[in-house]
Amino acid sequence: MRTLPTVTKNLLIINVLFFFANYVLMRRGIVLNDMLGLHFFMASDFKLHQLITYMFMHAGFTHIFFNMFALWMFGGVLEQTWGPKRFLIYYMVCGIGAGLIQETTYYIEYMMNDMSHYEMINTGLGIIPMGEYLNLMNTVGASGAIYGILLAFGMLFPNSQMFIFPLPFPIKAKYFVIGYAVLELFLGIGGSDGVAHFAHLGGMLFGLFLIIYWRKKNGGGQQIHY
């Protein structure tokens, strides 16, 4: 059985514990996703610590399953390559960076729709006060950090062969990562589906910056290949 390194294992445990805590507390009227999720910075529910806590919350079983599967599959490899301290720094920087990009996306949406001029807004929930609507702009999930991990794996092990369902043939890691990035960009531009696609790209972007910085400092562990 595969032994997970310390940081990867603890990240898995923490995410699962928060997921079940949210489920249990919801039965008592306490919604952790609302308290710890990342709200729009102009909303009354926004708190600075949410830039960290949001990445440990998830919207449902499928959401956490695929994030934790990717963390289990790729995170351990990166931690063994970089060491626990560097891996944890990378994970947190990608997650926080993704949150910052999502906040920017919220702000662009706010400005493009000229929301500052509205006291009330018509939504699928009916006509509600603008302040209440802003509090509904809430992001949860480790996906930003996970996409950063995918990027790092593709850069450090570009020619690793991966079997991706439903493709009947293996694909190199570097092409898998490029394909995912292009897909996220397309989905992000294409419309609103309730998924923070630009946050995913933000995790990749901040991960790229950090890897390049480490490489220039000659402290990035394994040589990065392109």
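Which residues form one aromatic cluster with Phe40?

1. The model discussed here is predicted. In it, Phe40 belongs to an aromatic cluster with Phe41, Tyr106, Tyr107 and Tyr110. The count of aromatic pairs comes to 18.

2. One pair deserves a separate entry. The ring centres of Phe87 and Tyr91 lie 6.4 Å apart, and the ring planes make an angle of 50°, so the pair is classed as tilted. For reference, planes under 30 degrees apart would count as stacked and planes over 60 as edge-to-face. Both residues sit in helix 5 (residues 84-112), and because they are four residues apart there, about one helical turn separates them. Phe87 is buried, at 0% relative accessibility. Tyr91 is likewise buried, with a relative accessible area of 0%.

3. Tyr91 also has a contact with Ile146, a residue of helix 7. Is Ile146 buried or exposed? Its relative accessibility is 3%, and because buried means under 20%, Ile146 counts as buried. Beyond the neighbours within four places in sequence, Ile146 touches Asn67, Ala70 and Leu71 as well as Tyr91.

4. Helix 7 (residues 143-156) packs with helix 8 (residues 173-190) at an angle of about 145°, and the two axes are 8 Å apart. The crossing is left-handed. From helix 7, the residues involved are Tyr147, Leu150, Leu151, Phe153 and Gly154. Helix 8 supplies Ala173, Lys174, Phe176, Val177, Tyr180 and Glu184. By class, the residues of this contact are eight nonpolar, one polar and two charged.

5. A charge is also placed over a ring: the charged end of Arg86 sits over Trp214, at 4.5 Å from the centre of the ring.

6. Where is Val31 found? Val31 is in the loop that runs between helix 1 (6-26) and helix 2 (32-36). Its relative accessibility is 29%, so Val31 counts as partly exposed. With neighbours within four places in sequence set aside, Val31 is in contact with Asn22 and Met26. Ala21 is 10 residues away from Val31 along the chain, and the C-alpha atoms of these two residues are separated by 9.4 Å.

Methods
Residues numbered from 1 in each chain as written. Predicted model: local features only at pLDDT ≥ 70, side-chain atom pairs only at ≥ 80, totals over all residues. Heavy atoms only, no water. Axes fitted to C-alpha atoms, helices over the stretch in contact; angles between N-to-C directions. Helix = DSSP H or I, 4+ residues; strand = E, 2+ residues; numbered from the N terminus. Left-handed = near helix turned anticlockwise from the far one by under 90°. Contact = heavy atoms within 4.5 Å. Nonpolar A, V, L, I, M, F, W, Y, C, P; charged D, E, K, R; others polar. Phe/Tyr/Trp six-rings, centres within 6.5 Å; stacked < 30°, edge-to-face > 60°. Buried < 20%, exposed > 50% of the residue type's maximum accessible area, 1.4 Å probe, protein only. Lys NZ or Arg CZ within 6 Å of the ring centre and 35° of its normal.
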